[in-house]
Amino acid sequence: MQALVLDIMASAMEHTGNPVEGDYLLWQYTGFEVGFDNFSLSGQNVVATATFTMTYHADAAQEAAVDSAVAQLLSQLNVSGKDSYTKLKAIYDYITANITYDYDNLQNNSYKLKHTAYAALINKTAVCQGYAVLLYRLALELGVDCRMIPGNSNGQGHVWNIAKLDGKYYNLDSTWYAGLPIYQCFLVGSDNF
C-alpha cells in the first residue's frame, strides 16, 4: 500500500509546465495523510477510495495573495513577447534585488513560511527554497520551462533552479548573490556552477 501511495504522490507532483503544479506543489507541502475507505472487490481487484489530506507551508489566503502579486509583478516586468533569456534575467534581477535571506528564521523549524513563494514575494525574505519556488513560478508563468534542483552547498542542503534555453538546461541560483550585481550563478552550465 505504501508503494501505491508514493506512486500517487509522484504522479500528483509531476512536472506539467503549469506554474502552480509540479515542483511548486512538491516544494510547498509539509506532509500528508491518506485514508482509504469504500473497499469493495471487483473480480480479483480491490477497489477503494483514497483521500489525501495535504498540509502546506502557506494557506489558501496566502496563495491567493501570491497569485495577485505574481500577476502585478509580471505586468511590471514588461517582458511579454520577449525571448526566454530576457524573461529569466528580469526575474533573476527582481528576485536578487528585492528578496533578502531569512537569517532570522533560519534555525526556527516551526516557521515553515520561510520556504514559500509567499515569504519571498510578499514578505521579501525567505530561505533558498522560497527563492527557488518563486523563480520557478515566475518562469513558468512567462512560458519558460524551469525546475527546482535539490543538492548541497558548503555541506548544507540547498535548492536552486534550472531553466531551459534553446533546448538545454542551465543553472540559476538567485539565493547566493541576492543584492549583488553579480551573474556568477545565472544561466551557467554544471561545469561552471
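This is a predicted model: local features need pLDDT of at least 70, side-chain atom pairs count only at pLDDT 80 or more; totals for chains, interfaces and linings use all residues.
Local features need pLDDT of at least 70, side-chain atom pairs count only at pLDDT 80 or more, and totals for chains, interfaces and linings use all residues. Residues are numbered from 1 along each chain as its sequence is written, and side-chain values use heavy atoms, with hydrogens and water left out.

Salt bridges come to a count of 4. A salt bridge here is a side-chain nitrogen of Lys or Arg within 4 Å of a carboxyl oxygen of Asp or Glu. R147 and D23 form one of them, at 2.8 Å from N to O. This pair links distant parts of the chain. R147 is in strand 5 (residues 146–153) and D23 is in helix 2 (residues 23–26), 124 residues apart. Helices (H or I, at least four residues) and strands (E, at least two) are DSSP runs, numbered from the N terminus. D23 is buried, at 1% relative accessibility. R147 is partly exposed, at 27%. Buried means under 20% relative accessible area, exposed means over 50%, and partly exposed lies in between (1.4 Å probe, protein chains only).

Helix 4 (residues 84–98) holds both D93 and K89. Their side chains meet in a salt bridge of 2.8 Å, N to O. The two residues are 4 apart, about one helical turn. D93 is partly exposed, with a relative accessibility of 25%. K89 is also partly exposed, at 27%.

R137 takes part in several contacts. Its side chain forms a salt bridge with that of E141 (2.9 Å, N to O). Both residues lie in helix 6 (residues 128–141), 4 residues apart, or about one turn of the helix. R137 is buried, with a relative accessible area of 3%, whereas E141 is partly exposed at 33%. D67 joins R137 and E141 in a network of salt bridges. R137 also lies over the face of Y24, 5.2 Å from the ring centre. A charge sits over a ring if NZ of Lys or CZ of Arg is within 6 Å of the ring centre and within 35 degrees of the ring normal.

Aromatic pairs number 4. Rings of Phe, Tyr and Trp (its six-membered ring) pair if their centres lie within 6.5 Å; planes under 30 degrees apart count as stacked, over 60 as edge-to-face and the rest as tilted. F32 and F52 form a tilted pair, 5.9 Å centre to centre, with 40° between the planes. F32 lies in strand 1 and F52 in strand 2 (residues 45–56), so the pair ties together parts 20 residues apart in sequence. F32 is partly exposed at 28%, and F52 is partly exposed at 24%. The rings of Y101 and Y103 have centres 4.7 Å apart and planes at 50°, so this pair is tilted. Y101 is partly exposed at 23%, while Y103 is exposed at 63%. Y29, F32 and F52 form one aromatic cluster.

F39 is found in strand 1 (residues 29–42) and is exposed, at 52%. With L41 and V46, F39 forms a nonpolar surface patch of about 360 Å² accessible area together.

The disulfide count is 0, a disulfide being a pair of cysteine sulfur atoms within 2.5 Å. C128 is in no disulfide; the nearest cysteine sulfur, in C185, is 12 Å away. That separation is too far for a bond. C128 is buried at 10%, and C185 is buried at 11%.

Technical notes
Patches are made of residues with over 30% relative accessible area and no salt bridge: like charges are joined within 9 Å, nonpolar side chains (Val, Leu, Ile, Met, Phe, Trp, Tyr) within 5 Å. Accessible areas come from the Shrake-Rupley method with a 1.4 Å probe; for residues, only the protein chains shown count as cover.
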